[in-house]
Structures are given as C-alpha cells and as structure tokens.
Amino acid sequence: MFRVPLLVALALIVAFAGGIASALWALKATVGFGSIAIGPWVAFPEAQTVTADPYAKAHRARAGELLYGGAEGLMFTAATDDSGARLSAACSYHISGITPPARFWTLYATTSDGATLRPGPEVPSAINSWTVLRGADSRFVIHASPAAQPGNWLAIRHMGNFQLVLTLLDTPTAGSSGLIDLAMPKIVKTGCGDA
C-alpha cells in the first residue's frame with residue numbers, strides 16, 4: 001500500500017539532492033568561462049560584465065561579492081607558483097617583478113575556498129602599491145612566508161594550501177584585449193619548513 005508513495009518520495013529526494021549537490025559543485029568548480037592565464041595568474045574579465053555567462057553570475061550571487069566593472073579593475077588569482085606546484089602555507093615564496101599599469105593594486109592571500117587569511121593584528125596580511133618597498137627600477141620583492149621576513153613581508157599563517165589575489169584598480173588592463181602580453185609578478189618557492 002505504501003510502496004508506490006515511498007518509491008516516489010525516494011525518487012524525489014534523490015533528484016532534489018542530486019540537483020542541489022551538482023549545482024553547488026558547479027559553482028565551486030569554476031567562476032565562469034573565458035579565463036585568461038598569464039603564468040600562474042588567472043583572471044575572469046568577462047565575469048564582471050553584463051554579458052557574463054550564467055555560471056559567472058551564479059558564482060557572483062552565491063559569493064555575495066561586488067565585482068568591478070570593465071573599466072574599474074581586474075582581479076587575478078594564483079593557486080600555484082611558476083613551476084606549477086600548489087602554494088603551501090608551510091613554504092615561503094618570493095613574489096617579484098612589476099605589476100601591469102594600474103592606479104592602485106592590492107595583494108593578499110586567501111584559503112583555497114577564497115576566504116581571506118587573517119594572520120593576526122600585528123602582522124601584515126596585505127600589501128598594496130602605496131606600501132610596497134621598491135628598487136630603483138620600480139621592481140619589488142614580496143616575501144610570502146609564515147616566518148617574519150625583512151622588507152616586504154606578507155604573513156601566511158595558515159594550514160594547507162592557499163592562493164594569492166592581486167587586484168588591479170583603475171587600470172587600462174581591464175579593457176585591454178592584449179592581456180597575454182602583460183608582465184605579471186613571478187612566484188618562486190624559496191623553501192619549506194625550517195629550510
């Protein structure tokens with residue numbers, strides 16, 4: 001007597017649970033289509049426009065983040081170093097070179113899921129174009145490390161993997177079709193643990 005309703009209820013539960021799980025997986029798997037990679041740095045310039053694909057719009061709505069307009073800025077993320085190895089909080093890295101032209105830029109670290117790392121009130125959790133120490137040729141070296149470093153230090157106090165987020169604000173890069181020719185900072189591992 002209850003066999004048919006039980007089977008219908010079970011089928012509905014599996015269908016709804018599977019649909020919700022697959023939608024959440026798709027939102028976590030990608031920000032959208034049309035990514036541009038320059039070395040380890042990846043940006044999604046189309047995710048910030050009116051013509052963004054449905055995945056980009058859903059990702060933006062789920063994250064609750066305000067994205068920049070095409071002429072306002074562009075956000076690059078890097079989850080690997082220049083050799084292709086995942087960024088690990090147990091290791092130290094040099095982020096060196098120059099950034100593409102921008103009125104202002106920021107660099108900070110997040111977890112693999114995108115949550116901003118907060119290493120503590122007394123240590124630097126972000127660096128920007130106004131606070132970075134530069135050489136005579138305008139190049140910089142930023143030390144991303146769990147241990148204090150001289151010069152530009154970005155504290156990484158976390159367990160597991162992390163990613164770097166470089167945001168360029170008021171930049172001609174955001175509207176440029178020549179993103180492939182841009183020079184981005186290099187990310188080089190300098191050691192792990194006590195090494």
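A: Asn-152 counts as buried because its relative accessibility is 6%, where buried means under 20% relative accessible area, exposed over 50% and partly exposed in between, with a 1.4 Å probe and protein chains only. The model is predicted: local features need pLDDT of at least 70, side-chain atom pairs count only at pLDDT 80 or more, and totals for chains, interfaces and linings use all residues. Residues are numbered from 1 along each chain as its sequence is written, and side-chain values use heavy atoms, with hydrogens and water left out.

Asn-152 belongs to strand 8 (residues 152–155); strands (E, at least two residues) and helices (H or I, at least four) are DSSP runs, numbered from the N terminus. Leaving aside residues up to four places away in sequence, Asn-152 touches Ile-127, Thr-131, Val-132, Leu-133, Phe-140, Val-141, Ile-142 and His-143, a contact being heavy atoms within 4.5 Å.

Two of these neighbours also take part in polar contacts with the side chain of Asn-152. A polar contact is a pair of N or O atoms within 3.5 Å; within protein, one must be able to donate a hydrogen and the other to accept it, and residues adjacent in sequence count only if both atoms are side-chain atoms. A polar atom of the Asn-152 side chain lies 2.8 Å from the backbone nitrogen of Leu-133, and the side chain of Asn-152 reaches the backbone oxygen of Val-141 at 3.1 Å. Arg-134 is 18 residues from Asn-152 along the chain, and their C-alpha atoms are separated by 9.1 Å.

The salt bridge count is 1, by the rule that a side-chain nitrogen of Lys or Arg lies within 4 Å of a carboxyl oxygen of Asp or Glu. Asp-137 and Arg-139 meet in a salt bridge through their side chains, at 3.7 Å from N to O. Asp-137 is exposed, with a relative accessible area of 52%, whereas Arg-139 is partly exposed at 44%.

Strand 9 (residues 162–169) has 7 of its 8 residues buried, so it is largely enclosed by the rest of the structure. Strand 3 (residues 73–78) runs antiparallel to strand 9 and is joined to it by 6 bridges; two strands pair if DSSP finds at least two bridges between them. Strand 5 (residues 104–111) is likewise antiparallel to strand 9, with 8 bridges. Leu-164 of strand 9 is the bridge partner of Ala-78 and stands opposite Ala-109.
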